[in-house]
Amino acid sequence: MEAPFSTPAVQPRRWGILGVLIISLLVVVLDTTVLNVALRTIADPRHGLDATQSQLEWMINSYTLVFAGLLFTAGIMADRMGRRITLIAGLATFGLASLASAYAGSPEHLIATRAVMGLGAAAVMPATLSIIANVFDARERGRAIGVWAAAAGLGVAIGPIVGGLLLERFWWGSVFLINVPLVVLGIVLVAVLVPESRAPRSGRLDVVGVLLSVAGLTLLTYGVIKGGEDGFDTPSAWGSLVAATVVLTGFVALQRRLDSPSLDVRLFTNRVFSASTGAIGLVFFAAMGTLFLAAFYLQLVRGYGPLASGALYLPFAIGQIALAPRSAAMVKRFGPKAVSTAGLLLVAVSQAVWLVVGTATPIWVVGMAFFICGAGMAHVIPPATEMIMSALPPEKAGVGSSVNNTMRQLGGALGVSTLGAVVASVYRGRIGEATDGLPTTAAEVARHDISGAYAVAQQSDTNGTQLIAHANDAFVAAMHYAALGATIVCLLGALTTALWLPARRPVSGPATTIDEALAEKHGSTVA
């Protein structure tokens, strides 16, 4: 019988292992935003797939919803089967699905292959954090998580830049094809450098819970998107939202009854845990929703090409890269309450900046908003992640990792769908009489979203310029409403952390890894 095994307390290759994990993480996280700069091209009827705004939202959300829905199960499988083999399997799935996405022939095809990419990502993301928790002891774990968070922020921010570089030279599918060589490199390095580890005890797979969570989140997102398209008084919108409420309520009830639930909902009775997960979800709600809308603003309203618009996201990356690794020192000096609250307030300020952005605002204002957002997230994600891991006993470390990553993806998906729905609804109300005089079909396309208005204007011989001007004004006005909502969300997050997070970081226990603590508790040996 194979003896349980884990990494030693002081893993001599731990910083090299962290580097390999960051490569794996970057492949997955980069894909959450690399698609943003390709949205206009994919929406183009000649050079892309002629996708509508709702289909573009589903291209993003099919990935994030599957990602979020399977994170808990993936974490349990990694604990049971081995974290390294799970990481390799996830990378391989992600790479193959990326290849299929690159050659998708329709919006529906791309939505489906993006969902498979989410399946692979769900195996990769929690494995990276679990391995970090087991190769670094308590004295270095906070610093390692800070580097991990900075890398995640880097992936989010450089995605549009990488996408812009590719689109300047290749077709839209190249933003997915670039994943394939990175995945191959990641698999080789993981196989060579990362040690295998398993938890001494792992939970059971909760298949019914997984299906309920994915179904509930999908219905919720569908209802929000349909509400933005057709109004929330339509049966397809409110019916989906009611069904989502029923399914998610059933999911919570089921989780409370199981001995090994996918999500132990009783953990949310811990105020520190709830505040930390809430902060992560809310900050990603605002940031990912804004990044999605900014792609349309920069490429359509302002007329920047893919590379130029991607480069304008660089201040966001600089804010995260420069400040996230120092967050542990900031928390040590000022405490998690002050640092996280200040970070959320900074993100709120960055969202408020968009309230004054117009069709001719100096572009440095947009760059400043991105930088402030990145700087704020750099002071929220690392301390909140550390608080999640510290708020739980050792046997719940895998759950903490899964919850952390689920809140990222769920917050981002709801941010894209909710803020996108706000923009869609306000845009249709503001475009008004600008479509009068157009053929019925063309008028419907122009009223649907700003991409449709540009497509109609390009084919119009008379009032194309006027239509674009009205569409730009309508979109910017709609974006202001979305920015107001994102600002309020961040202020609520800041209030939550100010009330519930501790003023000082909890004192760390013995300098052991998570698996060693578990082995000691259950009387197992660590080889």
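Modeller: S417 counts as buried because its relative accessibility is 0%. Buried means under 20% relative accessible area, exposed means over 50%, and partly exposed lies in between (1.4 Å probe, protein chains only). Keep in mind that this is a predicted model: local features need pLDDT of at least 70, side-chain atom pairs count only at pLDDT 80 or more, and totals for chains, interfaces and linings use all residues. Residues are numbered from 1 along each chain as its sequence is written, and side-chain values use heavy atoms, with hydrogens and water left out.

S417 sits in helix α18, which covers residues 397-431. Helices (H or I, at least four residues) and strands (E, at least two) are DSSP runs, numbered from the N terminus. Who touches S417? Leave aside neighbours within four places in sequence, and the contacts of S417 are E57, N61, T221, V224 and I225. A contact means heavy atoms within 4.5 Å.

Now compare another residue. T385 belongs to helix α17, residues 381-391. T385 is buried because its relative accessible area is 0%. Beyond four places in sequence, T385 contacts L129, I145, I280, N404 and R408.

Next comes A477, in helix α21. With a relative accessible area of 14%, A477 is buried. Not counting residues up to four places away, A477 touches V426 and R430. A477 and L355 lie 122 residues apart in sequence, yet their C-alpha atoms are 8.9 Å apart in space.

Together with V356, L484, I488 and L492, L355 makes a nonpolar patch of about 440 Å². Patch residues have over 30% relative accessible area and no salt bridge; like charges are joined within 9 Å, nonpolar side chains (Val, Leu, Ile, Met, Phe, Trp, Tyr) within 5 Å. L492 is in helix α21, residues 464-500. L492 counts as partly exposed because its relative accessibility is 49%.

The largest nonpolar core has 147 residues. Such a core is a set of buried Ala, Val, Leu, Ile, Met, Phe, Trp, Tyr and Cys residues joined through side-chain atoms within 4.5 Å. Those with the most contacts inside this core are I42, Y297, W354, F370, Y427, I450 and F475. Helix α11, residues 271-301, gives the largest share, 19 residues. Beyond four places in sequence, the contacts of I42 include L35, L56, M59, L110 and W172.

Step back to the whole protein. The model has 22 helices and 0 strands. Of its 527 residues, 58% are buried. Among contacts with a separation of 6 or more, 83% join residues 24 or more positions apart. The protein exposes about 20000 Å², and carbon and sulfur atoms supply 66% of that area.

Last, confidence. pLDDT is the predictor's confidence in each residue, from 0 to 100. The mean pLDDT is 82, and 89% of the residues reach 70 or more. Helix α15 (residues 336-353) has the highest mean, 95, while helix α22 (residues 514-522) has the lowest, 42. Over residues 1-9 the pLDDT is below 50, and this stretch has 24 contacts beyond near neighbours in sequence. Residues 508-527 also stay under 50, with 51 contacts beyond four places in sequence. Where pLDDT is low, the predicted coordinates should not be read in detail.

Conventions. Areas by Shrake-Rupley, 256 points an atom, 1.4 Å probe, with all protein chains shown as cover. Salt bridge = Lys/Arg side-chain N within 4 Å of Asp/Glu carboxyl O.
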